[in-house]
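Notes below, in the order I looked things up.

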Amino acid sequence: TCVVLVSGALYSYIAERRVGQLSRHSLESQVAALAHSVASGGALHLVTGDAAALEKLLLTSGSYPGIRSIIVTDANGRVAGAVKHDATGAVVPDFELQTMPLPLTVNSGRGRVMQRKGEWVIEAYATIDNGKRVGWVRADISLDSERETRANARRDALIFATAISLLTLAVLYLLFGRALMPLAKCARFASGL
């Protein structure tokens with residue numbers, strides 16, 4: 001039983017790490033895909049200067065679960081549109097931003113983990129091109145769901161290991177209890193003599 005419990009604890013640690021890696025990779029791909037989607041949908045709005053249509057696109061895109069902010073800039077880094085989540089969790093335009101530092105390089109397939117305003121997020125950039133680079137998109141997604149997924153994986157693995165241990169104990173008790181019953185009768189008889 002101890003071996004099963006130790007194995008279960010080890011398995012829960014390994015499962016938590018693996019599930020966490022898969023969850024993080026999924027979030028990286030998700031935020032990168034969102035950034036590219038906004039870049040694709042926002043290119044025309046940025047080129048034509050249609051701020052209302054760009055804001056509508058950002059408000060819709062910012063409503064996906066876990067998204068913390070989306071920023072669209074022109075090629076010089078001046079913010080053309082931005083949304084964020086307010087204290088209540090609602091998606092609102094972010095009028096505080098004027099400029100955004102532009103990335104030196106862009107890994108288009110994945111995001112990178114950053115700490116922003118005390119929260120760990122994955123950020124991804126995408127370029128907005130219209131024959132030439134006309135702007136950038138940066139999207140952030142929270143790592144809260146990854147942490148929750150890891151905790152659930154650890155809990156599930158520990159519950160499974162505990163259930164297997166209890167089942168093993170019950171089977172051993174039943175098997176050895178029945179197998180040792182005649183020996184126990186002999187021992188009682190011998191002690192009676």
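Predicted model: local features only at pLDDT ≥ 70, side-chain atom pairs only at ≥ 80, totals over all residues.

**Main core.** I looked up the largest nonpolar core and got 24 residues. Those with the most contacts inside it are Val38, Leu58, Ile70, Val72, Ile128 and Val137. Then I checked which elements give it two or more residues: helices α1 (2–48) and α2 (51–61), plus strands β1 (67–74), β5 (119–129) and β6 (133–142). The largest share, 9 residues, comes from α1.

**Val72.** I picked Val72 and listed its contacts, skipping residues up to four places away in sequence. Val72 touches Val38, Leu46, Leu54 and Leu58, and also Ile128, Trp136 and Val137. Arg78, Val79, Ala80 and Gly81 are on the list too.

**Second core.** I found a separate core of 6 residues, with Ile71, Ala82, Met100 and Trp136 among them.

How many bridges join β5 to β6? I got 9, and the two strands run antiparallel. Thr127 stands opposite Trp136 of β6. β5 and β6 form a hairpin with 3 residues between them, and Gly131 in the turn has a positive phi of about 85°.

**Surface.** Ile164 belongs to helix α3 (residues 144–192). Is Ile164 exposed or partly exposed? Its relative accessibility is 31%, so I put it down as partly exposed.

Notes: Residues numbered from 1 in each chain as written. Heavy atoms only, no water. Core = buried A, V, L, I, M, F, W, Y, C linked by side-chain atoms within 4.5 Å. Buried < 20%, exposed > 50% of the residue type's maximum accessible area, 1.4 Å probe, protein only. Helix = DSSP H or I, 4+ residues; strand = E, 2+ residues; numbered from the N terminus. Contact = heavy atoms within 4.5 Å. Pairing = 2+ DSSP bridges.
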